[in-house]
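The following exercises concern a single protein chain. Please study the sequence and the structure before reading each worked solution.

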Amino acid sequence: MVYKIRIILDTKDDIFRDVEIKENQNLWNLHLGIKSAFSLMGEDLSLFNILDEEGVIVKTVPLEDMSDDGDGEIMSDVYIKEAFEKVGDKIHFQYGFMDLWEFFCELVEIIDEKPAVNYPITVFRFGNMPLKAPTKSGGAKSAKNAAIPLMDEDFGSFDEEFNSDGFEDEDDETFDEEEDFADDNFEDDLDEE
């Protein structure tokens with residue numbers, strides 16, 4: 001069987017792709033299908049969040065194993081038929097690190113496999129991809145959101161904020177220079193003097 005999955009880019013504009021993938025392929029294959037469908041470049045890290053019916057994350061499946069013991073589940077371990085049990089099931093996909101692309105994937109239909117088709121395959125495209133990953137507010141990152149250099153007038157005068165008379169008042173009167181810290185190496189240094 002072939003699973004038809006609608007992948008929606010998390011943005012205010014309607015941008016989605018329909019990808020068909022075989023049920024016995026895995027999330028790594030779907031990851032490649034999403035990259036191809038949305039023309040995502042690079043080899044950035046990614047992960048799938050498998051959601052329950054209320055949208056709560058049940059399981060997170062990364063591209064590579066990040067666990068301490070090295071036996072964590074990765075995308076190539078989870079089959080499509082395990083991630084999507086029935087029509088309407090959803091998972092969340094994140095791609096990238098500095099520029100984070102977020103997608104919602106929903107199983108819309110289960111159909112018969114067509115002969116001589118190399119799955120996964122993009123079967124429908126809607127909307128144009130932005131040049132940069134959308135921000136959480138829904139729009140693409142723009143020059144308005146870029147870092148603005150801070151000017152001197154953005155800050156008060158250092159001399160006004162802090163008394164620049166010196167640090168004499170900060171000296172600790174109770175510090176004893178001859179105090180024994182019970183550190184063997186330190187004691188040896190004192191004995192040599």
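**Exercise 1.** Does Glu43 count as buried or exposed?

*Solution.* The model is a predicted one. Step 1: the relative accessibility of Glu43 is 72%. Step 2: a residue counts as exposed over 50%, so Glu43 is exposed. Step 3: the side chain of Glu43 meets that of Lys35 in a salt bridge, 3.5 Å from N to O. Step 4: Lys35, with a relative accessible area of 10%, is buried.

**Exercise 2.** Determine which parts of the chain the salt bridge between Glu73 and Lys59 ties together.

*Solution.* Step 1: the N to O distance in this salt bridge is 3.2 Å. Step 2: Lys59 belongs to strand β4, whereas Glu73 lies in the loop between β4 (57–62) and α2 (80–83); the pair therefore links parts that are 14 residues apart in sequence. Step 3: Glu73 is partly exposed at 34% relative accessibility, and Lys59 is partly exposed at 32%.

**Exercise 3.** Identify the network to which Asp89 and Lys86 belong.

*Solution.* Step 1: the closest N and O atoms of Asp89 and Lys86 are 3.0 Å apart, and the two residues form a salt bridge. Step 2: Asp89 is buried at 14% relative accessibility, while Lys86 is partly exposed at 41%. Step 3: salt bridges with shared partners join Glu53, Lys86 and Asp89 into one network.

**Exercise 4.** State how many salt bridges the whole structure contains, and describe its secondary structure.

*Solution.* Step 1: a search of the whole structure finds 8 salt bridges. Step 2: the protein has 4 helices and 7 strands. Step 3: from the N terminus, their order is β-β-α-β-β-α-β-β-β-α-α.

Notes:
Residues numbered from 1 in each chain as written. Predicted model: local features only at pLDDT ≥ 70, side-chain atom pairs only at ≥ 80, totals over all residues. Heavy atoms only, no water. Helix = DSSP H or I, 4+ residues; strand = E, 2+ residues; numbered from the N terminus. Salt bridge = Lys/Arg side-chain N within 4 Å of Asp/Glu carboxyl O. Buried < 20%, exposed > 50% of the residue type's maximum accessible area, 1.4 Å probe, protein only.
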